[in-house]
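Good morning, everyone. Please look at the structure on the screen while I talk.

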Amino acid sequence: MKPHHRYLLATVLAVAALSPVRASSPAAPPSDVPQTLPLPATGYAGRDALRSEFMSYTTRQHAADDDRDAEWNYLPIKTFTHSLSADGSGVYAATVELPAFWADRIVILHCEGGRNSHRVLFNGTEIGSARDSGTPSEFELPNAVAGAANTLRIELPADTSEPESGLGRSRADLTSCYLYSQPRTRIWDYDLSAVARDSDGELTARVVVENRHPSEERFALCFDVFSPEGKVEEYGIRHITLPAAGRDTVELRAVIYGAGKKLWSAEKPAVYRLNLFIRKGDRILEYVPVNVGFGSVSHAGGNVFRNGKQVELHPARCNPSTPDELRKTIGTLKKQGYNTLWPDTPQPWWFYDICDRTGIYVIDQANINTAYRTDDRRVGGGLSNDPNWLEEYMQRTQAMFRRSRSHPCIIAWSLGGASGNGFNLYRTYVWLRKMDPTRPVVYDDAAGEWNNDLPLTR
């Protein structure tokens with residue numbers, strides 16, 4: 001039997017037997033049975049379904065430059081008033097005037113922050129709630145009024161800090177909140193494959209398009225691909241008809257000649273640019289730019305390979321607060337021999353964009369960083385072996401994966417920080433391996449168990 005077949009068989013057997021880990025010692029007396037930690041009061045109701053993180057631009061030039069500050073479809077919220085409610089929740093309020101041209105568009109609120117629980121109210125109506133201070137949350141605002149003042153209220157309940165109690169609270173409660181809009185015929189998500197075929201590259205984009213109009217819509221999904229030097233390498237168009245409230249996945253394919261000789265790696269970060277856009281008649285409704293790096297990632301026998309060559313990862317902790325700080329940190333770390341960033345939580349969009357362009361690997365880590373009874377391996381003793389917390393672990397893992405999966409800089413996934421081990425982390429490991437069989441999954445608190453593919457530590 002081949003080594004990788006033995007590995008897959010071992011994994012399948014382990015998955016088939018998945019159940020909360022029970023201590024091998026005799027059962028503890030009833031008085032010592034661990035009490036399940038209550039689940040958070042705040043859930044994920046109303047949060048927009050998980051998808052890639054991107055900006056919808058209204059001009060080709062703004063999209064090419066990723067220039068949000070120049071884009072009139074981007075509205076950062078810079079001024080909040082802060083107060084405390086009767087139950088101790090932090091309350092951040094703002095009045096925002098939406099551009100008139102946002103009328104009949106889908107308005108979206110993007111939230112990042114340093115407090116895990118948050119509830120969103122817009123114009124007095126509760127829109128939804130979410131947890132997780134590391135991964136951004138997005139909410140559609142169906143009651144937004146274009147060309148007028150709107151009220152935004154974000155409540156940060158005094159909820160449990162789990163599963164983030166192992167993190168220091170150095171960030172502000174809200175680090176980035178902004179609004180943007182999309183047309184009602186829009187790009188909803190995308191997933192990329194960019195592989196080398198001899199000296200050429202084969203690019204496949206699976207683009208989810210959506211029609212939010214009350215009637216059938218005919219439009220075109222278009223694309224063009226630019227080389228690292230800025231030359232147009234390929235372009236195409238697909239004509240689409242969607243029924244009212246319809247959604248479909250459209251596959252775009254392009255052969256990029258010579259891309260097999262310009263593979264992305266941390267040493268030589270050759271970044272192509274895919275520009276997706278929606279055309280209706282003579283009008284372009286939106287542009288969505290995407291970084292593309294041709295090549296492959298694989299792993300076997302505790303080793304990871306980029307473009308078929310073994311890569312020895314030298315990871316460093318990195319949790320920058322600004323793009324300039326990240327650029328300086330990357331320059332310093334490269335001089336010290338590091339080639340990989342391993343942050344404690346998912347990072348803002350600019351983090352991955354800079355790593356793509358600068359050339360450094362990233363181990364993206366789910367925001368699971370609990371210090372609660374991590375040595376207690378009884379069922380319910382610690383969060384990682386408490387099935388009641390599985391949904392919270394899975395929400396955080398899936399959000400991390402779906403938003404950044406197409407970035408070429410991602411070399412591996414991490415289940416979380418040092419949070420013990422158990423049923424919940426077995427399940428998130430299996431989910432990640434199913435969704436992405438090529439990249440390894442690491443967990444440096446696995447303590448020799450099977451849910452860790454690489455012997456890495458920070």
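I will go through confidence, then overall build, then pockets, then cavities.

Keep in mind that this is a predicted model. How confident is the predictor in the protein chain? The mean pLDDT is 91, and 92% of the residues reach 70 or more. Two stretches need care. Over residues 1-17 the pLDDT stays under 50. The model gives that stretch 8 contacts beyond four places in sequence. Residues 23-29 are also below 50. There, the model has 3 contacts beyond near neighbours in sequence. Where pLDDT is low, the predicted coordinates should not be read in detail.

Now the overall build. The chain has 6 helices and 24 strands. The radius of gyration is 23 Å, close to the 23 Å that the globule rule gives for 458 residues, so the chain is as compact as a globular protein of that length. Along the principal axes, the C-alpha atoms fill a box of roughly 75 × 65 × 45 Å. What share of the residues is buried? Of the 458, 53% count as buried. Look at the contacts next. Take those between residues at least 6 apart in sequence. Of these, 72% join residues at least 24 apart.

On to the pockets. The largest pocket has a volume of about 970 Å³. Its lining has 37 residues. Which ones lie nearest the centre? They are Glu112, Thr175, Ser321, Pro348 and Trp350. Three elements each supply at least two lining residues: β1 (74-76), β9 (174-182) and α4 (349-358). Strand β9 gives the most, with 5 residues. By class, this lining splits into 16 nonpolar, 12 polar and 9 charged residues.

The second largest pocket comes to about 630 Å³. It is lined by 26 residues. Nearest its centre are Leu192, Ser193, Asp436, Thr438 and Arg439. Strands β10 (185-197) and β17 (297-300) each give two or more residues to this lining. Which element has the largest share? That is β10, with 5 residues. The classes here are 10 nonpolar, 10 polar and 6 charged.

Last, the cavities. How many of 30 Å³ or more does the structure hold? There are 5. I will show two.

The largest cavity has a volume of about 270 Å³. Its lining has 19 residues. Find Glu53, Phe54, Tyr190, Pro289 and His407 on your screen, for these lie nearest the centre. The elements giving two or more residues are β16 (283-292), α4 and α5 (390-404). Remember α4: that helix also supplies at least two residues to the lining of the largest pocket.

By class, the second largest cavity is lined by 4 nonpolar, 4 polar and 6 charged residues.

To recap: the mean pLDDT is 91, but residues 1-17 stay under 50. The largest pocket is about 970 Å³, and the largest cavity is about 270 Å³. Thank you.

How values were computed
Residues are numbered from 1 along each chain as its sequence is written. This is a predicted model: local features need pLDDT of at least 70, side-chain atom pairs count only at pLDDT 80 or more; totals for chains, interfaces and linings use all residues. Side-chain values use heavy atoms; hydrogens and water are left out. pLDDT is the predictor's confidence in each residue, from 0 to 100. Contact means heavy atoms within 4.5 Å. On a 1 Å grid over the protein atoms alone, a cavity is a set of points where a 1.4 Å probe fits but cannot get out, and a pocket is an open set with protein on both sides within 12 Å along at least five of seven lines; lining residues have an atom within 4 Å of a point. Grid points are joined across faces, edges and corners, and a volume is the space filled by probe spheres set on the points. Helices (H or I, at least four residues) and strands (E, at least two) are DSSP runs, numbered from the N terminus. Ala, Val, Leu, Ile, Met, Phe, Trp, Tyr, Cys and Pro count as nonpolar, Asp, Glu, Lys and Arg as charged, and the others, Gly among them, as polar. The radius of gyration is taken over C-alpha atoms; the globule rule is 2.2 Å times the number of residues to the power 0.38. Buried means under 20% relative accessible area, exposed over 50%, partly exposed in between (1.4 Å probe, protein chains only).
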